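Colleague: I am new to this structure and would like to know what stands behind the words used for it. Could we look at it together?

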Amino acid sequence: MDETLHAFAALLLLAVAASLLRVLRGPTRADRMMGAQLSATSGVGVLMLLAQATGQGAVLDVAVVLALLAAIAAVAFVKAASPDGAGDPEEEDAP
């Protein structure tokens, strides 16, 4: 069973690698943020699988903290990227 969990964790690490390519290449800030969100989500999955495979419950705490940081980063990105600090960063500016 542990080998299966490790194999799934390795597959999720491939998703992290693909998302890091999106972060590096962009082309827009929103694309980079989505890549960062995918890497955080995949990282949480990897940590949860490894916690189950190794039996170390403290790794689940790290996964929860990573998930919270990813959510806060998404909110901060939207607030920073929007013109008035409260809207959709992809929305066109009003004339």
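Modeller: What follows is a set of questions about the terms applied to this predicted model.

Colleague: How do you know that the reach of helix 1 is close to the expected one?

Modeller: Helix 1 covers residues 2–25, which is 24 residues. From its first C-alpha to its last it reaches 35 Å, and 34 Å is expected at 1.5 Å a residue. The two values are close.

Colleague: What comes after helix 1?

Modeller: Helix 1 is followed by Gly26, which has a positive phi, near 75 degrees. Pro27 sits in the loop between helix 1 and helix 2.

Colleague: Is the peptide bond from Gly26 to Pro27 cis or trans, and what is its omega?

Modeller: The bond from Gly26 to Pro27 is cis, with omega near 10 degrees.

Colleague: Why is Ser19 called buried?

Modeller: Ser19, which lies in helix 1, has a relative accessible area of 2%. The cut-off for buried is under 20%, so Ser19 counts as buried.

Colleague: Why is Ser39 called buried?

Modeller: Ser39 is placed in helix 2. Its relative accessible area is 17%, and buried means under 20%, so Ser39 is buried. Leaving aside its neighbours within four places in sequence, Ser39 is in contact with Val16, Ser19 and Leu20.

Colleague: Which two quantities describe a pair of packed helices?

Modeller: The angle between the axes and the distance between the axes. For helix 1 and helix 2, the axes come within 8 Å and cross at roughly 165 degrees.

Colleague: Why are helix 1 and helix 2 called roughly antiparallel?

Modeller: Their axes cross at roughly 165 degrees. Angles over 145 degrees count as roughly antiparallel, so helix 1 and helix 2 are roughly antiparallel to each other.

Colleague: Is the crossing of helix 1 and helix 2 left-handed or right-handed, and what kinds of residues form the contact?

Modeller: Helix 1 passes helix 2 in a left-handed crossing. The residues of the contact of helix 1 with helix 2 comprise 16 nonpolar, eight polar and five charged.

Methods
Residues are numbered from 1 along each chain as its sequence is written. This is a predicted model: local features need pLDDT of at least 70, side-chain atom pairs count only at pLDDT 80 or more; totals for chains, interfaces and linings use all residues. Side-chain values use heavy atoms; hydrogens and water are left out. Helices (H or I, at least four residues) and strands (E, at least two) are DSSP runs, numbered from the N terminus. The expected span of a helix is 1.5 Å times one less than its number of residues. Buried means under 20% relative accessible area, exposed over 50%, partly exposed in between (1.4 Å probe, protein chains only). Axes are lines fitted to C-alpha atoms, for helices over the stretch in contact, and angles run from 0 to 180 degrees between N-to-C directions. Angles under 35 degrees count as roughly parallel, over 145 as roughly antiparallel, 65 to 115 as roughly perpendicular and the rest as oblique. A crossing is left-handed if the near helix is turned anticlockwise from the far one by less than a right angle, and right-handed if clockwise. Ala, Val, Leu, Ile, Met, Phe, Trp, Tyr, Cys and Pro count as nonpolar, Asp, Glu, Lys and Arg as charged, and the others, Gly among them, as polar. Contact means heavy atoms within 4.5 Å.
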